[in-house]
Amino acid sequence: MKILVSIKQVLDSETDLQVDELSGSVRAAGPAKYWMNHADEFAVEEAILIKESRPGTVVDALTVGPERAAQVLERSMGMGADHGLHIVVPEENYIGPMTIASWIAAWATEQEYDLILTGVMAEDDMRGQVGPMIAELMSLPYATSVIHEELRPEEGMVYVEREIEGGQRELLELQLPAVLTIQTGLNRPRYPTLSNLLRAKKEKARVIDSRTFSPVEDREKILRFDKPRKSRVGEVLEGSPQEKAAKLLEILKRKAFL
Amino acid sequence: MDESIVVIVEQSSGQIAPITYELFSAAEEISKYRPLKIKAVVLGAELQKPAQQIASFSGSSVVGVQNPHLANYNAEISKDVLAGLLPELNPIFILVGQTTRGLDLAPALAVRLQAGCITGVEAVFEEAGQVCFTRSLFNGKIVQDLAPAAAVTILTVQPGAFRAKETSSPTDGSTEIRTSTAVPVKTKTLGIRKARQEDAALTQAEVIIAAGRGIGKQENLALIERLASLFPRSAVAGSRPLCDQNWLEYKKQVGLTGATVSPKLYLACGISGAVQHTVGMQGAGFIVAISTDPNAAIFHIADVCVVEDLTTFIPSFIGEYEKA
């Protein structure tokens with residue numbers, strides 16, 4: 001088996017974010033904390049689990065991102081991926097999902113992967129588009145929001161359960177090769193091992209210049225980023241923690257919840 | 001043929017998904033800025049009834065394409081059918097629900113139609129003579145405005161963003177049912193498995209105390225439990241990340257892929273307020289949010305906002321309660 005896992009480095013959405021007026025991009029107000037998109041960690045783990053159960057499997061981890069994104073490739077290799085592939089792009093550029101999908105599809109078409117995995121959605125831009133776009137560009141079957149998979153390469157297919165509204169599951173059989181976008185919770189992502197991390201540091205990811213791909217025109221234009229314009233309608237409690245606690249208690253009693 | 005806005009109806013076994021009605025409201029919003037005819041397309045196995053229902057609700061012309069392999073959603077057949085049909089209707093905008101099916105279909109369909117794709121649309125506005133769209137990023141902490149840059153754009157519309165009309169159109173639309181004989185080759189749909197048992201405690205509770213990633217450690221769930229014990233007819237719930245970490249059972253999950261609840265009081269502890277969570281609880285009567293992050297999106301829908309560390313705030317609250 002040959003598996004490609006497409007991953008992304010994202011800015012921690014819990015940190016204080018601000019819109020940089022000059023570049024029109026989003027950045028951390030304080031020290032930036034970047035990590036691997038959570039759903040992508042589950043995708044890497046799933047690939048490693050397959051590799052462990054099917055000797056001879058090779059796992060390539062790929063990311064499209066600036067220099068700093070090399071860190072998520074290192075982490076994937078630390079978890080057990082065989083190779084890292086880094087399509088390097090400039091830091092501030094907006095890159096549309098169609099462009100990213102086209103680059104990954106161009107790379108993957110030459111590699112003859114049996115399975116392409118990615119996270120269901122990135123936490124930063126929340127688009128959820130690249131996975132199905134890769135599949136369509138390569139004329140492959142796909143499933144999004146996958147919460148369970150069983151590979152049956154001897155039958156040339158993968159059995160998939162995808163999570164839909166209210167916790168229901170859609171059950172599918174996809175012909176291999178296929179693209180799956182992975183929902184969080186289908187496994188328990190492992191921590192990288194020291195020996196794998198040392199190997200990752202030594203071997204390094206292969207760097208691919210994004211300019212080697214034919215240009216793709218973006219199909220949408222970002223006008224601006226902004227803070228949410230919804231006005232806060234609720235009451236913000238002020239004072240010491242103790243005072244706030246007393247205030248909340250009073251409100252809940254007045255509303256007869258307590 | 002006139003240029004149009006096409007609404008893709010979401011239905012299963014003849015039951016029309018609520019998002020469909022919201023799509024028509026979004027379409028009308030767009031047509032305020034760009035007067036385009038609103039049409040609808042519905043796919044499925046048996047469509048007489050749902051197509052008629054949509055035609056009388058919207059007053060639009062509805063095209064239904066029936067295929068026995070569309071008794072359940074199938075991406076491959078849906079794409080083939082829509083790629084054949086849509087160019088006939090000459091759409092500028094194609095509206096799809098931001099649901100697990102809509103999100104499965106829209107990006108790939110956009111590639112097929114050489115269209116643009118904007119997911120999670122929450123608002124429509126006009127700028128420089130163009131219809132533009134707003135969507136959320138970073139769990140709702142940032143919004144983004146976009147303008148289409150392709151001749152055709154597929155939009156997935158966030159549930160709850162556009163209010164469905166309560167009354168039907170005064171005039172009936174038309175329906176046309178076609179038949180497709182396409183057979184899936186690479187994508188076989190085997191059916192749907194019902195949800196794991198719904199937690200009756202959750203849907204019947206009058207007070208829900210919900211925990212999110214902000215609780216930090218699994219041990220802090222004990223605090224949530226203690227807080228819940230103060231309220232009669234209460235239950236503990238959580239957001240998806242907690243269930244993913246096995247801190248809570250999945251049947252306790254509130255949100256898009258979990259339960260939809262509407263208790264009298266929803267107390268959100270350490271929940272960021274990502275739309276995947278809020279779609280499951282925004283119907284609550286009264287919402288209290290506790291978070292250390294003053295910019296958390298949950299504060300936009302909360303009636304009472306407490307910017308505090310819940311590990312110290314909840315014990316103070318319980319202390320105050322016991323003192324009283």
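Q: What does the secondary structure of chain A come to?
A: In this predicted model, chain A has six helices and 15 strands.

Q: And what does the C-alpha trace of chain A span along its principal axes?
A: The trace spans about 65 × 45 × 40 Å along those axes.

Q: How much of chain A counts as buried?
A: Chain A has 258 residues, and 50% of them count as buried.

Q: What about contacts along the sequence, how many join residues at least 24 apart?
A: If one takes the contacts in chain A between residues at least 6 apart in sequence, 70% of them join residues at least 24 apart.

Q: Switching to the contact with the other chain, how many residues does each side put in?
A: Chain A contributes 66 residues to the contact, and chain B contributes 79 residues.

Q: Which elements of chain A give two or more residues to that side?
A: The helices are α4 (130-137) and α6 (241-254) of chain A, and the strands are β3 (17-20), β9 (142-152), β11 (169-175), β14 (220-226) and β15 (235-236) of chain A.

Q: Which one gives the most?
A: That is α6(A), which gives eight residues to the side of chain A that touches chain B.

Conventions
Residues numbered from 1 in each chain as written. Chains lettered and ligands numbered in written order. Predicted model: local features only at pLDDT ≥ 70, side-chain atom pairs only at ≥ 80, totals over all residues. Helix = DSSP H or I, 4+ residues; strand = E, 2+ residues; numbered from the N terminus. Buried ≥ 20, exposed ≤ 12 C-beta atoms within 10 Å, placed from the backbone. Contact = placed C-beta atoms within 7 Å.
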